[in-house]
Amino acid sequence: MLVVFQHNVEIDILNYLEEKIYMILGMGIWVFIAWIGTILAAILCLLYGVYHWFMKSDEEKPSEVKNKKSGKREAK
Amino acid sequence: MEDVIFFAIFMALFAAMFTFLGYLGYKKTKTAEDYFVAGRKMGAVVIAFSYGATFISAVALIGFSGIASIFGHSILWLAFLNIFVGILIAFIFYGFRTRKMGLSLNALTLPELLGNRFNSTKLQSVSGLIIAIFMVAYISAVFLAIGSLFQVTFGISYELCVIVFTVVVGIYLIVGGLYAVMWTHAVQGVLMLAGMIILTVGMYAMLGGIGPAHEAAASLTPEILQSIGSPAATQAPGGLTSMPPLFSQPFMMILTLIFGVGIGVLAQPQLITRYLTAKNEKALRMAIPYGGIFILLMTFTAFSIGPLCDVLMVNNGIMYPGTPDKVVPLVVSELFPQWFVFFFLFAVLAAAMSTASALFHTAGASIGRDVFEKGIMKGISHEKSIKITRIATIVIIAATLVITLNPLDVVAFMCAFFFGLMACTFLAPYTLMLYWKKTSKAGAWAGMLGGFMFTMFWYVLIYFKTAPQIIGSSMIDNYMVNMLDPIFIGLPLSFVLTYVFSILIKQDKDEQKIMKKSFENI
């Protein structure tokens with residue numbers, strides 16, 4: 001009985017939360033997750049850029065530069 | 001008459017600006033590397049805008065917005081994947097390695113990367129042929145849509161619109177190569193951004209803000225949607241701001257759209273080329289934040305406003321226009337000031353032209369360099385390489401024009417399955433090539449051909465959109481199967497084939513030598 005009661009309370013809480021989110025932002029829970037996920041993904045891109053902007057600039061290995069240059073010589 | 005004059009003036013300005021950029025590109029294009037990968041000199045902002053403008057076509061802006069007006073905000077999952085997979089995963093897990101391997105192997109196209117990595121010009125040529133053939137149909141579909149839109153709005157003949165757009169794109173592309181393409185993308189990207197931001201802010205403002213707008217969309221019952229003739233009455237059974245019931249037909253439709261494009265983005269040859277254009281790794285890294293914001297402002301806005309169009313149509317007594325791609329243009333033309341109607345149309349044209357120019361360039365390179373130069377006319381000079389690619393591009397453009405002026409039904413479905421086809425054909429060998437040193441030529445062939453043939457089989461015989469047009473009906477009645485994008489089966493199959501055949505038929509000595517060279521910078 002106690003388990004059933006607890007389960008029903010959990011469902012009620014989830015339904016309440018879904019309703020609350022639905023009312024506040026007008027979206028169902030999974031659409032809200034997609035909506036917020038999209039914004040967070042873009043923020044993650046921004047954070048990635050900020051993080052690497054302040055890192056020491058990447059130095060390409062000499063072999064990379066050599067290959068780039070030899071590629072150009074070949075083309076000419 | 002005024003509309004036609006406005007169209008002529010704006011088109012002349014477009015043509016003049018892009019032709020000038022084409023001329024600048026021409027002056028800078030001296031080598032094959034310049035023509036194919038912009039000399040590997042591009043910076044972060046241009047890479048990001050070019051990647052985004054190539055990725056987001058008119059199909060995304062008005063086609064998917066229209067689909068969102070039918071299926072609701074659940075399509076926002078595609079916006080999430082467009083950023084998370086299309087930018088973060090694509091650049092971090094594919095971009096850096098592709099660029100490094102491309103430098104080591106002196107590869108200028110995806111087919112060349114595959115061909116050089118596996119020591120097979122045949123692999124390069126066959127890949128190039130597949131890409132070129134299906135890209136022609138994809139570009140046709142893009143121009144077909146934009147030509148029709150301009151015909152309806154300005155009353156100019158469809159044929160004239162298509163010819164003008166194709167010629168303008170063709171001139172700056174053939175003359176200026178990828179330099180011109182990427183610089184014009186930066187301009188077109190700004191236009192696209194401005195158009196979508198103004199449109200989105202305007203729509204939310206009309207509806208009282210984000211919360212009220214979504215609540216208004218959520219409150220549209222099937223009866224109300226039925227009153228304007230919108231298919232959303234039946235296709236969005238959970239409401240426009242909720243997911244449809246699990247495994248219902250609308251749910252399967254959303255699933256196939258989301259994964260077909262959301263995962264398929266990783267194997268698009270025209271996008272992979274952008275990795276090869278970076279002047280250094282830092283440029284590629286810094287393209288991520290710019291690209292993420294660009295895609296957010298394109299797809300997030302486009303997919304958000306779809307259901308809002310339903311609210312505006314209901315509020316203003318506007319009937320559903322019959323096809324989803326007409327929804328946004330209709331709402332814009334009815335409810336926005338005239339200046340914005342024209343501005344938005346040219347923003348959509350910019351989206352179409354940017355994608356088309358990138359596709360023409362890739363398709364031209366596929367035929368010129370991958371099929372002819374490396375497959376048939378081996379050992380020609382690099383000056384001749386550019387000449388042949390320019391000729392091939394002209395042929396591709398002409399073929400596209402012919403198909404667009406005489407559109408067949410096959411064009412529409414070839415566009416629909418382009419992303420899935422590229423993913424099932426190339427993603428497995430491309431991924432394993434970058435990460436697994438034991439991937440062999442046999443594995444690459446097996447994965448590529450297996451994925452390609454399975455996808456064609458699926459589209460011809462099973463897929464609900466294409467099989468009825470080709471053989472009369474799908475061979476499988478169950479919608480949970482026939483609505484699945486082939487990527488769900490074709491992609492794992494391609495990975496398995498690539499792996500198994502790489503184990504069964506190992507690399508020979510030449511392949512091993514090349515493999516060591518490919519990984520020397522990684």
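In chain B, 82% of the contacts between residues at least 6 apart in sequence join residues at least 24 apart; two residues are in contact if their C-beta atoms, placed from the backbone, lie within 7 Å. This is a predicted model, in which local features need pLDDT of at least 70 and side-chain atom pairs count only at pLDDT 80 or more, while totals for chains, interfaces and linings use all residues. Residues are numbered from 1 along each chain as its sequence is written, and chains are lettered from A and ligands numbered from 1 in the order in which they are written.

Chain B has 24 helices and zero strands. Helices (H or I, at least four residues) and strands (E, at least two) are DSSP runs, numbered from the N terminus. The radius of gyration of chain B is 23 Å, close to the 24 Å that the globule rule gives for 522 residues, so chain B is as compact as a globular protein of that length. That radius is taken over C-alpha atoms, and the globule rule is 2.2 Å times the number of residues to the power 0.38. The C-alpha trace of chain B spans about 70 × 50 × 45 Å along its principal axes. Of the 522 residues in chain B, 62% are buried. A residue is buried if 20 or more other C-beta atoms lie within 10 Å of its own, exposed if 12 or fewer, and partly exposed in between, with C-beta atoms placed from the backbone.

B:F488 lies in helix α23 (residues 487–504) of chain B and, with 18 C-beta neighbours inside 10 Å, counts as partly exposed. B:F488 and B:G155 are 333 residues apart along the chain, and their C-alpha atoms are separated by 43 Å.

Within chain B, the axes of helix α19 (residues 418–435) and helix α20 (residues 441–461) come within 8 Å and cross at roughly 165 degrees. Axes are lines fitted to C-alpha atoms, for helices over the stretch in contact, and angles run from 0 to 180 degrees between N-to-C directions. α19(B) and α20(B) are therefore roughly antiparallel to each other; angles under 35 degrees count as roughly parallel, over 145 as roughly antiparallel, 65 to 115 as roughly perpendicular and the rest as oblique. Residues making the contact include B:L421, B:F426 and B:M433 of α19(B), and B:M448, B:F452 and B:F454 of α20(B). The contact residues comprise ten nonpolar, five polar and no charged. Ala, Val, Leu, Ile, Met, Phe, Trp, Tyr, Cys and Pro count as nonpolar, Asp, Glu, Lys and Arg as charged, and the others, Gly among them, as polar.

Chain A has three helices and zero strands, and 21% of its 76 residues count as buried.

The contact between the chains takes 33 residues from chain A and 42 residues from chain B. On the chain B side, α2 (32–37), α5 (76–105), α9 (210–218) and α14 (281–316) each supply at least two residues. That side has 19 nonpolar, 15 polar and eight charged residues.

α5(B) also pairs with helix α2 (residues 29–53) of chain A: their axes come within 8 Å and cross at roughly 25 degrees. α2(A) and α5(B) are therefore roughly parallel to each other. Among the residues in contact are A:V31, A:W35 and A:L44 of α2(A), with B:W77, B:F80 and B:I87 of α5(B). By class, this helix contact has 15 nonpolar, two polar and no charged residues.
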